[in-house]
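Welcome! Here is a short tour for someone meeting this structure for the first time. Please take a look at it, and then read on.

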Amino acid sequence: MIKEDRISKVTEFNGIEFYKIPENKFKTFTIGIYFCDVLNKERVSSNAMIPFVLRRGSQEYSSSMAISRRLHELYGASFYSDVTKKGEIQMTYFSSDAVVDKYIPESENIFRNLTDLIFGIVTDPFLEDGKFKKDYVEQEKTTLIDLIETQKNNKDSYAIQRCFEEMCKDEPYSINEGGDIESIKSINADSLYDYYRNFYLKKLPIKVFITGEVPDADINYLVDKFKSIPREEIVDISKVGIIKSADPEVNHVIERFNVVQGKLCLGFRSNLAPSDDLYYALTVCNTVFGGGIHSKLFQNVREKAGLAYYASSRMDKFKGVIIVSSGIEISNKDKAMKIILEQLEEIKKGNITDVEFDSAIKTYSTAVNLLKDGQRSIADFFLGQTLLGIKTGLTDFMKNINQVTIDDVVKAAQKIELDTTYFLTAEE
Amino acid sequence: MEVNMGYQIKECKQLGEKVYEYIHPSGLKLIFAPKPGYFEKYASFSVNYGSIDCKFKDLSGEIVTVPAGIAHFLEHKLFEQEDGSVMDKFASLGSNPNAFTSFTQTSYLFSCTDSFDENFKLLMNFVQNPYLTKESVEKEKSIIGQEINMYRDNPSWVTMMNFLNTLYFSNPIRNDIAGTIDSISKIDTELLYKCYNNYYRPSNMVISVAGDLDYNKVIQLVNDNISSKWVNMSAGVAQTIIDDEPALVKEKNVRAKMDVFTPMFMFGFKGDLTGVSPIDIARHQIAMKILLEILFGRSSSFYEQLYNDGLINDSFYCGFESLRDFGFISFEGESNKPEAVVEAVLKHVSDVQKTGIDPTDFNRVLNNFRGSYIKRYNSVESICRQNTGNSFAGLDIYDYFDLYATIKINDVQSILEGSFDEGKLSLTVTEPYN
């Protein structure tokens, strides 16, 4: 159980875990239902299709329009479903929020009514001839394929995606959480419904998070509903995210599109996992490197050299990778790359000022405190911790960050290796 | 000890919310919303001056025109002080500073979880003290140049700017908020100071604060950090001039090519709110919101039909934008047949005009918006933004809450006619190269 007075596990059965995060300061409550699977080519596309098809209608509310109207009746309740990943775990999720009853005098148990609606969408889909409605499946295949293709539209994030795809080509991490277009095209209403009933609903681990001002009786109402789902042997998601080292030779990739600005990405291996002692030092190291206005990247690439509007580094703790991304003028590629790599060298040599270090710690502590003001961000943090099997709560997390020294940061930096560079540039 | 500092408490009991509103002797307004239990403290210092304020009658009566992008340029430059970047100082305090320039407003803000007093002092001080040199202005041109290029690669942004250019002949909303590489090359320190001195005046500015703080302290900090120069400043502000705009649109149909997978479109109807009072503009906005959801929202038969026919996808959105005294309805999304979407909209409007608005739809959609309005109070940022925006619009703190409680089906029915005039319609499409 996670040590933290902010969250408690309500119960667990059949591979379904329920957590509550009570908090009275919000006007709303949230319900988040997460189905987890290991990222694998065989199931990734089918998994990704499920949230899109399910949102099209339940037995009781048989179309998106009907669902939308029901949400309106529940005073602007929201519902969305989507697919994402954390490291090498693919998650399909169903997320909802609504106003707490007391702010709307004439309302009647919005929580239970919303629970009924969501549970129906997730477990009792609208069927035609005993399977998913063919039109819904075909339309959502197009939706998902479009989403994958549209990832190319935003060149900044597409460059990051491509860098990871190149860097981790032989690892599950490179698998797009939306699946792949060929597999999606081969899906039909029969095969998908069969997969949904006999694998997705029966075998995937499920985590449910409820946040906000919700009476225990209402939480138990929701928990009881899940007892009716038939369950079998649950997929094991505990052994994911093997931390890999970089190959001895750096991989350089260039791709050309019709762009005005170049997008430069550098992918690094951190060689550290959240369970390692140096993990907190790595977190601070990343912040010093490129995690904010005081960071070496912002100060040197943007402020001093004027080369970029953005230059930052982001860490994926689930995979042990760090990615630097920057939007630059194409002719400045070599100059920018040099300055970026220099900043990491500086940290490895211990050239970190007190200002850089103190600002990093403060910025991180602010970020953690801000997390506590967001219902979904609190749930997301704890979801991550449960996936990693780590029992540290927010308070202890911050305590560990505050204990990091500059020497620790240098030690962590020395483990960081450049793996791949990716440059999205203009056509010749 | 509570000092009578001339503040007013405004409350909304049903929401469980209140604010302290204080007018500083300089004319500057402070709005503070206490949020017990929150870790985040948020403060913004905003001026009712944005990208569309590029032609004005200055305080001496002279008509001045400045290059596009200057409000945004000024926003960037204010962070640079004689003793270094203000961003660094915020960073040492562990807070998150930011700023933005919109069509009608510039805001400087920070959020923090501790050291509120120091952060707040810093915010108030740098905004009151611009420091501009020739060198720093030139360097900023290259940084902003990269920002402009970043947006040029963004198909959504390009589509929207093209759309505004089809809708309007001369209204400065047609200009990119950041300007163009050419327009910003013409900016110098003299022009920047001119804009600052004419618009950044206390009676034209609002400070919004929200968080778990003591209101006495917040007011005291404002009293201690607004300069005597400001107290002694005259009450005048430059008057923005927006040249008369024809009622009809400039172009009906414009196409551009970019690297997109499915064509993106934006089309809409031009509208005019000249001479309408602030509260009536707000009522109009709410009525529009309700009308557009009934007609074209996710809960509408229109949306379901077009989605099933493959004419629109999840990206489809219809909204109403109002900026001071003009506005427009816009539809945006992706489609292989944008013209068919336009046709469908016109037909649907015509159909509903014949039958009128269904009271069940009205009540359902109204309840939806009542709830989503309440949700905004979860966020200190959202509260500050609303309070600032409402103040600039001439509205009181809880006017919107009251309007949601009193709006009637007739308010919606009456705007169904006259808002979708085909003469005021224009379409922009951004399509792939092949």
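Which side chains meet in a salt bridge at 2.9 Å, N to O? They are the side chains of R55(A) and D314(B). Please keep in mind that this is a predicted model.

**Where the two chains meet**

- The contact draws on 62 residues of chain A and 60 residues of chain B.
- About 5,200 Å² of area is buried between chain B and chain A, and carbon and sulfur atoms give 51% of that area.
- Between chain B and chain A the count is 5 salt bridges, and one of the salt bridges is that of R55(A) with D314(B).

**Aromatic rings**

- Searching the whole structure, over all chains, gives 60 aromatic pairs.
- One of them is the pair of F268(A) and F289(A), which is edge-to-face, with 6.0 Å from centre to centre and 85° between the planes.
- This pair ties together parts that are 21 residues apart in sequence, because F268(A) is in strand 10 (residues 262-269) of chain A and F289(A) is in helix 9 (residues 279-290) of chain A.
- F268(A) is buried at a relative accessible area of 1%, and F289(A) is buried too, at 2% relative accessibility.
- In chain B, the ring centres of F79(B) and F126(B) are 4.9 Å apart and their planes are at 40°, so this pair is tilted.
- The pair in chain B links distant parts of the chain, 47 residues apart: F79(B) is in the loop between helix 1 (70-77) and strand 7 (80-81) of chain B, while F126(B) is in helix 3 (residues 116-128) of chain B.
- Are F79(B) and F126(B) buried or exposed? Both of these residues, F79(B) and F126(B), are buried.
- F79(B) and F126(B) also belong to one aromatic cluster, whose members include Y49(B), F56(B), F90(B), Y108(B) and Y200(B).
- Within chain A, the charged end of K133(A) sits over the ring of Y136(A), 5.4 Å from the ring centre.

**A strand with two partners**

- Strand 3 (residues 28-38) of chain A is mostly covered, with 10 of its 11 residues buried.
- Strand 3 of chain A runs antiparallel to strand 5 (residues 89-99) of chain A, and 11 bridges join the two.
- T30(A) has T211(A) as its bridge partner in strand 8 of chain A.
- As background, side chains in a regular strand alternate between the two faces of the sheet.

- Most residues other than glycine have a negative phi.
- Y75(A) is not a glycine, yet its phi is positive, at about 55°.
- Y75(A) is in the loop between helix 2 (64-73) and strand 4 (78-86) of chain A, and Y75(A) is buried, with 9% relative accessible area.
- D129(A), also not a glycine, has a positive phi of about 55°.
- The loop that holds D129(A) is between strand 6 (127-128) and strand 7 (131-132) of chain A, and D129(A) is exposed, with 71% relative accessible area.

- T287(A) is in helix 9 of chain A and counts as buried at 6% relative accessibility.
- Apart from neighbours within four places in sequence, T287(A) is in contact with G292(A), H294(A), S295(A), A360(A) and Y364(A).
- M266(B) is in strand 14 (residues 264-272) of chain B and counts as buried at 6% relative accessibility.
- What does M266(B) touch, not counting residues up to four places away in sequence? Among them are T159(B), M160(B), F163(B), F331(B), E332(B) and L427(B).
- From C-alpha to C-alpha, M266(B) and Y42(B) are 34 Å apart in space, and they are 224 residues apart in sequence.

Note on methods: Residues are numbered from 1 along each chain as its sequence is written. Chains are lettered from A and ligands numbered from 1 in the order in which they are written. This is a predicted model: local features need pLDDT of at least 70, side-chain atom pairs count only at pLDDT 80 or more; totals for chains, interfaces and linings use all residues. Side-chain values use heavy atoms; hydrogens and water are left out. Rings of Phe, Tyr and Trp (its six-membered ring) pair if their centres lie within 6.5 Å; planes under 30 degrees apart count as stacked, over 60 as edge-to-face and the rest as tilted. Helices (H or I, at least four residues) and strands (E, at least two) are DSSP runs, numbered from the N terminus. Buried means under 20% relative accessible area, exposed over 50%, partly exposed in between (1.4 Å probe, protein chains only). A charge sits over a ring if NZ of Lys or CZ of Arg is within 6 Å of the ring centre and within 35 degrees of the ring normal. Two strands pair if DSSP finds at least two bridges between them. Contact means heavy atoms within 4.5 Å. Buried area is the accessible area (1.4 Å probe) that two parts lose on being put together, summed over both. A salt bridge is a side-chain nitrogen of Lys or Arg within 4 Å of a carboxyl oxygen of Asp or Glu.
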